[in-house]
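Hi,

Here is the structure I said I would pass on.

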Amino acid sequence: MKQDILQNKLTNLGAPLVVCATLLAVAWGQTPEEAPAQEPVQLIIQPWEDSYLVGFEQACAALQDGRGQEAAALARRLAEEDSAALRRQSWQARTQGVSERLLFQPASPLLGWVNPGRSVGQQSVARHLEGLAHYKGGALDQAEVAWKAASGLATGRGSLAACDGLALLDLELAEGHFAEIPEVQGKTNNALAPNFTAPAPTGEGEEEAPDPLGLARAAYLAAREHLIERLRADWRDKDARANVELIQKRLHRLDDIEEERKQEDGQERSDDRSDES
């Protein structure tokens, strides 16, 4: 009972003591120290330590069965360096590269005696698979992150497929903006034209919506950049070449629309001058 009474008294004294401490600090020209900002919690991903091929087949099977989140999570684990790869890096640092020449070079008689660990090519393919799983699940931002990681890890199948994925994201975005352009919808910015449609009014304090033409152009250019990188590795890729041709047609159409707008704007100014005179 006495302990409870003492605890209540200390609790009641807690707030006044904090206030007094703050006032004393201000009186002496000091400010209370703020608590340090907490760093964002980083997700720890457990690497897949079993056979890479087995894990990759399981991730592909999960993706085919519609278990996209499971496939993405497993693919992300496959993209992490396993214990064998970390051991190899440690040996390389300790021996100043001697272990690489003795154990892992193609001409070494000891090649195949030691598990080389997960290669960057395998990690790139795994991250592409992760991006594909996110894309099919509608998580486009996560798909973009995974595909960018895949394209930056190594040159090979995973990197090329990731370029295709990134180009697909930008091309779909561009096509969406292209469909929103008034001229594409059969409308015009010329107020005197019969097919003119006034833009929807914006509320007070709201910013005017950006022109979809500019958004479409930026997305088309980004998609073309990924496709050109893809074609540098294999210029015979038919899908990439077809998408580049589509993008070039779209960009020419955007140029024509901008030219039409300039002509309409010049015509309106000419009519205004005629009315004033």
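Is the crossing of H6 and H7 left-handed or right-handed? It is left-handed. Before you read on, keep in mind that this is a predicted model.

A bit more on that pair. H6 covers residues 120–136 and H7 covers residues 140–153. Their axes lie 8 Å apart, and the packing angle is about 165 degrees. Angles over 145 degrees count as roughly antiparallel, so that is how H6 and H7 run relative to each other. On the H6 side, the residues making the contact include Val120, Gln123, Arg127, Leu132 and Tyr135. From H7, the contact takes in Leu140, Ala143, Trp147 and Leu153, among others. Sorted by class, the contact of H6 with H7 has 10 nonpolar, six polar and two charged residues.

Now for the nonpolar cores. The largest one has 18 residues, and the members that touch the most others in it are Ile181, Tyr220, Leu227, Ile247 and Leu254. H9 supplies the largest share, with seven residues.

Leaving aside residues up to four places away in sequence, Ile247 touches Leu171, Tyr220, Ala223, Arg224 and Leu227.

There is also a second, separate core, made of 15 residues. Among them are Ala59, Ala72, Ala75 and Leu78.

That's what I have so far.

Cheers

Notes. Residues are numbered from 1 along each chain as its sequence is written. This is a predicted model: local features need pLDDT of at least 70, side-chain atom pairs count only at pLDDT 80 or more; totals for chains, interfaces and linings use all residues. Side-chain values use heavy atoms; hydrogens and water are left out. Axes are lines fitted to C-alpha atoms, for helices over the stretch in contact, and angles run from 0 to 180 degrees between N-to-C directions. Helices (H or I, at least four residues) and strands (E, at least two) are DSSP runs, numbered from the N terminus. Angles under 35 degrees count as roughly parallel, over 145 as roughly antiparallel, 65 to 115 as roughly perpendicular and the rest as oblique. A crossing is left-handed if the near helix is turned anticlockwise from the far one by less than a right angle, and right-handed if clockwise. Contact means heavy atoms within 4.5 Å. Ala, Val, Leu, Ile, Met, Phe, Trp, Tyr, Cys and Pro count as nonpolar, Asp, Glu, Lys and Arg as charged, and the others, Gly among them, as polar. A nonpolar core is a set of buried Ala, Val, Leu, Ile, Met, Phe, Trp, Tyr and Cys residues joined through side-chain atoms within 4.5 Å. Buried means under 20% relative accessible area, exposed over 50%, partly exposed in between (1.4 Å probe, protein chains only).
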